[in-house]
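Q: Could you walk me through a structure, one topic at a time?

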Amino acid sequence: MEVDLIGIGVDLVEVDRMRRTLARTPTLVERLFTDAERAYCERRRDPTERFAARFAAKEAVMKALGVGLGAVGWHEVEVVRAESGRPSLALTGRAADLAAELGVVRWHLTMSHTSRVAEAIAVAE
Amino acid sequence: MEVDLIGIGVDLVEVDRMRRTLARTPTLVERLFTDAERAYCERRRDPTERFAARFAAKEAVMKALGVGLGAVGWHEVEVVRAESGRPSLALTGRAADLAAELGVVRWHLTMSHTSRVAEAIAVAE
Amino acid sequence: MEVDLIGIGVDLVEVDRMRRTLARTPTLVERLFTDAERAYCERRRDPTERFAARFAAKEAVMKALGVGLGAVGWHEVEVVRAESGRPSLALTGRAADLAAELGVVRWHLTMSHTSRVAEAIAVAE
């Protein structure tokens with residue numbers, strides 16, 4: 001298959017800052033993350049690292065699409081976990097429309113986090 | 001368009017270290033960054049995070065090209081900002097010559113920074 | 001050459017945590033790193049940053065292959081340094097078999113480290 005690299009996005013999120021932000025605004029977790037994302041993150045006693053990595057993934061996708069925050073909804077970019085543990089992306093709504101307009105046929109997502117910082121890289125093909 | 005991935009480079013820069021380095025050697029800002037880069041960074045009261053991200057971008061490009069520091073001039077790899085806010089790369093001089101020799105037809109650049117660390121990833125197609 | 005992006009992996013490793021882990025289990029260095037990797041890292045008075053970057057590279061490769069830790073041996077993913085200083089990957093054993101099954105024809109590797117954190121990104125084409 002002939003492919004073309006459409007965009008790449010990276011995002012770093014400080015875990016402590018995510019922790020403070022979520023503590024300050026308890027409704028934010030629901031606004032930022034889908035039910036499935038919350039269920040996965042909350043299996044951990046401290047879900048903050050996982051939330052930070054998913055937040056980074058959403059921002060990385062927006063950068064790969066070349067749009068600013070607010071151009072797509074937070075729930076429209078969802079991190080999905082295969083049984084193997086491999087993460088992937090599911091786009092819906094405006095995010096899916098925008099990706100289709102740009103000709104994106106496939107996404108690659110990779111994430112990493114330490115106790116201090118979380119990172120995600122999204123690549124649009 | 002048929003493309004080939006020529007190289008990828010990542011670079012991390014600690015914001016505090018960049019702050020100390022720039023404070024110690026005031027002439028360094030002009031040596032490292034172009035007029036347009038300085039103007040963009042200095043719109044912030046504290047421009048250090050933006051300087052760190054741009055320094056990381058220059059180093060990421062050198063890694064993607066497979067050359068060491070000093071092989072190209074600091075001003076020859078410039079981070080340009082579109083009106084949309086999307087960053088891109090403009091290469092001149094030896095950097096442009098080297099990229100042309102390697103067959104680079106397009107660059108992708110993505111950057112992120114927290115208050116502690118800045119990162120850039122450059123991909124040469 | 002027509003290429004296809006098969007996978008991308010990123011990994012972050014805290015340098016202090018790597019230092020404590022290696023201090024606690026002195027045999028770990030030999031289990032994790034090949035002779036050539038150890039020789040290269042130990043040219044530094046403090047080899048920890050380099051060890052952390054190489055450990056991140058091994059984990060990034062596993063993520064790019066879509067497998068969990070333990071699916072391939074630590075020595076089966078080796079970071080090799082060209083005379084130019086450019087790092088690359090050499091896969092052997094199960095890691096090489098798995099990459100061949102997935103159709104990987106080429107790897108790209110880039111690494112960066114500060115005194116605090118090391119990062120590696122591996123791209124499988």
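This is a predicted model: local features need pLDDT of at least 70, side-chain atom pairs count only at pLDDT 80 or more; totals for chains, interfaces and linings use all residues.

A: Residues are numbered from 1 along each chain as its sequence is written, while chains are lettered from A and ligands numbered from 1 in the order in which they are written.

Q: OK, which helices and strands make up the secondary structure of chain A?
A: Chain A has five helices and five strands, where helices (H or I, at least four residues) and strands (E, at least two) are DSSP runs numbered from the N terminus. Along the sequence they follow the pattern β-α-α-α-α-β-β-α-β-β.

Q: And how much of chain A counts as buried?
A: Of its 125 residues, 43% count as buried, meaning that 20 or more other C-beta atoms, placed from the backbone, lie within 10 Å of the residue's own.

Q: New topic: what is the strand order in the open sheet of chain C?
A: The order is 1-5-4, with antiparallel pairing of the three strands; two strands pair if DSSP finds at least two bridges between them.

Q: Why is one side of strand 1 and of strand 4 of chain C left without a neighbour?
A: Strand 1 (7–14) and strand 4 (107–113) of chain C stand at the edges and each has a single partner strand, so one side of each has no neighbour in the sheet.

Q: How many bridges join strand 4 to strand 5 there?
A: Seven bridges join strand 4 of chain C to strand 5 (residues 117–124) of chain C, and the two run antiparallel. In strand 5 of chain C, Glu119(C) is the bridge partner of Ser112(C).

Conventions: A residue is buried if 20 or more other C-beta atoms lie within 10 Å of its own, exposed if 12 or fewer, and partly exposed in between; C-beta atoms are placed from the backbone.
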